[in-house]
Amino acid sequence: MAGSTTMATTSTLSLHQAPGAKGGSSATTEPAFVCWLLIGSALAFLTLFLFVPLVAVFVEALRKGFGPFFAALVEPDAVSAIKLTLITAAIAVPLNLVFGVSAAWAIAKFQFRGKQFLITLIDLPFSVSPVIAGLIYVLIFGANGWFGTYLQDNDIKIIFAVPGIVLATIFVTFPFVARELIPLMEAQGSEEEEAARVLGANGFQIFWKVTLPNIKWGLIYGVILCNARAMGEFGAVSVVSGHIRGLTNTLPLHVEILYNEYNFSAAFATASLLALLALVTLGLKSIVEWRSAKLIDADAPTENIQK
Amino acid sequence: MVRKLAFSLLAAGTFGIAGTATAADYTLLNVSYDPTRELYQDVNTRFIKQWEAKNPGDKLTIRQSHGGSGKQARSVIDGLEADVVTLALGYDIDAIAERGLLSKDYQKKLPNNASPYVSTIVFLVRKGNPKNIKDWNDLIKPGVAVITPNPKTSGGARWNYLAAWGYVLKNGGNEAQAKEFIGKLFKNVPILDTGARGSTTTFVERGQGDVLLAWENEAYLAVKELGPEKFEIVTPSISILAEPPVAVVDKVVDKRGTRKIAQAYLEYLYTPEGQELAFKHYYRPALTEKDPFLATRNKNTFTKVKLFSIDEVFGGWSKVQKAHFGDGGIFDQIYEKK
């Protein structure tokens, strides 16, 4: 499998070079059959590992027809899973949006001690396994955890309840917005902000009228990715959920439950909902990428800021 | 503004959970193991109907949580507020009792060692039994692929392992022979899933292996759900009496004021109606001697099999756990040798 991945990368590279080269085949160093072999293997790889599984989800979901498909989605446990997933995303995404923008703003526009440490800290959730992310909250808020006794005495439920699920989700989606904005804001530099300051704008005005419009598309892109992960997270949420049906099951957990109950068509129906969400996300992402590329081209045709 | 929305949603989420405890408004949480989902869905519906009829004005909701038995016990220890636990084996409830959440003599508080239903370990084979598997000694033949979950993580798998061990002892073998037998058996296991349901799916859905060691109820359910034309059940000459106990979690019910209803819920499992439901989901009802009708049906459905109990052969769970499944225990020794 490793072999075909390398091939896929190679062929993508040769694809990128091809249009730029003059005179077509004379400029490419590889013989035509090598090109086709590489393109073919890349396509076969993509079809086999990405496209077929995606189609399979929808085929399996509709195997028993549209009736059972919709029945699986309006069933009370499914509805509560959908609700919980939406609530979780509705809390996690805005919080990470606020955090991501502030962190990126601080890191890109100011110099301070411990900056590198902060960047590393932001990356932490990417490098830590989601299961560990869940377990740390159990260790902190669990009955035998650091705050366990206090929480129990005051009847506050964190893990095995909605707050725990939200916390775990916030943890795993932490880097998405910040990571998207930092390189963009660093590339843009702080000249425009400095100009605004010289012209007498206050901090809020600078942020609202200068910085925000510049990072708008990058921000939307980050939010979309953050949202996709927030709704699809399984590992971390599974650890803190307690798996109480109709109460602490999110959509991904609900899929697993249905699958384990031999309820395959319902499991795939629910899975197709998540797959659909992923497709919508990808669509939005492409639109945002396309729009921002166009804007950047229009703004600065000579210098390619994003690359 | 976004933040305000977020906080109000968070508040709504929390209240949704906390706000159910008004005067006649009860929720129970039953934390159970993997294969009991269907059983408790039925039990809950019927019990709620009965309770609300007897106590007009009450509104009862029963929540279920399922997963590997050991993992579920861990969650209860970590603060999952279960009013009752209905787990795969006594050891897991013992672990909860050790943390002081319920009293250690819970198995004396309800009839039949607090096990309203029992089960055993049987073999599920492909239709026509192509490898001709009849009894435990057929499992160690070369070329027979056996599917069982990992005894380190799965309650069901521990019962599988102990049933095979007991088979050797009951046939006049000694401990060394039993160890050798288990060693050979696990050489024939290509995949160790973490839970009973995972193994069942591996065997029936993915078509792996020649024989699945399974809970009797799990085997019957698989045959019913996935087609009698594809599988058949083989009952060995002797097997283990698997007693999955149930218990009220004292600390939780006292805190939440649900003791009366939790107790009634577990007692319901011993009523003729509860026993009937257990039977319907292919458990062997524990109190058949009091109910001749159920006893007859029991006899007609389940193949008669000689059953030995864990206390009789192994001297109880705590001993078994330490000797066989602890770190460096017999299972580790066998599996490392492989």
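A contact here means heavy atoms within 4.5 Å. The model shown is predicted.

Figure 1. Take the contacts in chain B between residues at least 6 apart in sequence: 74% of them join residues at least 24 apart. The chain holds 16 helices and 12 strands. Its radius of gyration is 21 Å, close to the 20 Å from the globule rule for 338 residues, so chain B is as compact as a globular protein of that length. The C-alpha trace spans about 65 × 55 × 40 Å along its principal axes.

**Figure 2. Surface, interior and charge of chain B.** Of the 338 residues in chain B, 57% are buried. The chain exposes about 14,400 Å², and carbon and sulfur atoms supply 53% of that area. Chain B carries 45 positive and 38 negative side chains. The centres of these two sets lie 2 Å apart.

**Figure 3. The salt bridge between B:R197 and B:E218.** The closest N and O atoms of this pair are 2.6 Å apart. B:R197 lies in helix α8 of chain B, and B:E218 lies in helix α9 (residues 216-226) of chain B, so the bridge ties together parts that are 21 residues apart in sequence. Buried means under 20% relative accessible area. B:R197 has a relative accessible area of 0%, so this residue is buried. B:E218 is also buried, at 1% relative accessibility.

**Figure 4. A network of salt bridges with residues from chains A and B.** Salt bridges that share partners join five residues, A:D77, A:R245, A:E261, B:D34 and B:R37, into one network. Over all chains, a search of the whole structure finds 27 salt bridges.

**Figure 5. The salt bridge between B:D210 and B:K131.** The side chains of B:D210 and B:K131 meet at 3.2 Å, N to O. This pair links distant parts of the chain, 79 residues apart. B:D210 sits in the loop between α8 (196-204) and β7 (211-215) of chain B. B:K131 sits in the loop between β5 (121-126) and β6 (146-147) of chain B. B:K131 is partly exposed, with a relative accessible area of 39%.

**Figure 6. The salt bridge between B:D78 and B:R74.** These two side chains meet at 3.2 Å, N to O. B:D78 counts as buried, at 11% relative accessibility. B:R74 is partly exposed, with a relative accessible area of 39%.

Methods. Residues are numbered from 1 along each chain as its sequence is written. Chains are lettered from A and ligands numbered from 1 in the order in which they are written. This is a predicted model: local features need pLDDT of at least 70, side-chain atom pairs count only at pLDDT 80 or more; totals for chains, interfaces and linings use all residues. Side-chain values use heavy atoms; hydrogens and water are left out. A salt bridge is a side-chain nitrogen of Lys or Arg within 4 Å of a carboxyl oxygen of Asp or Glu. Buried means under 20% relative accessible area, exposed over 50%, partly exposed in between (1.4 Å probe, protein chains only). Helices (H or I, at least four residues) and strands (E, at least two) are DSSP runs, numbered from the N terminus. The radius of gyration is taken over C-alpha atoms; the globule rule is 2.2 Å times the number of residues to the power 0.38. Accessible areas come from the Shrake-Rupley method with a 1.4 Å probe; for residues, only the protein chains shown count as cover. Lys and Arg count as positive and Asp and Glu as negative; His and the chain ends are not counted. The place of a charge is taken as NZ of Lys, CZ of Arg, CG of Asp or CD of Glu.
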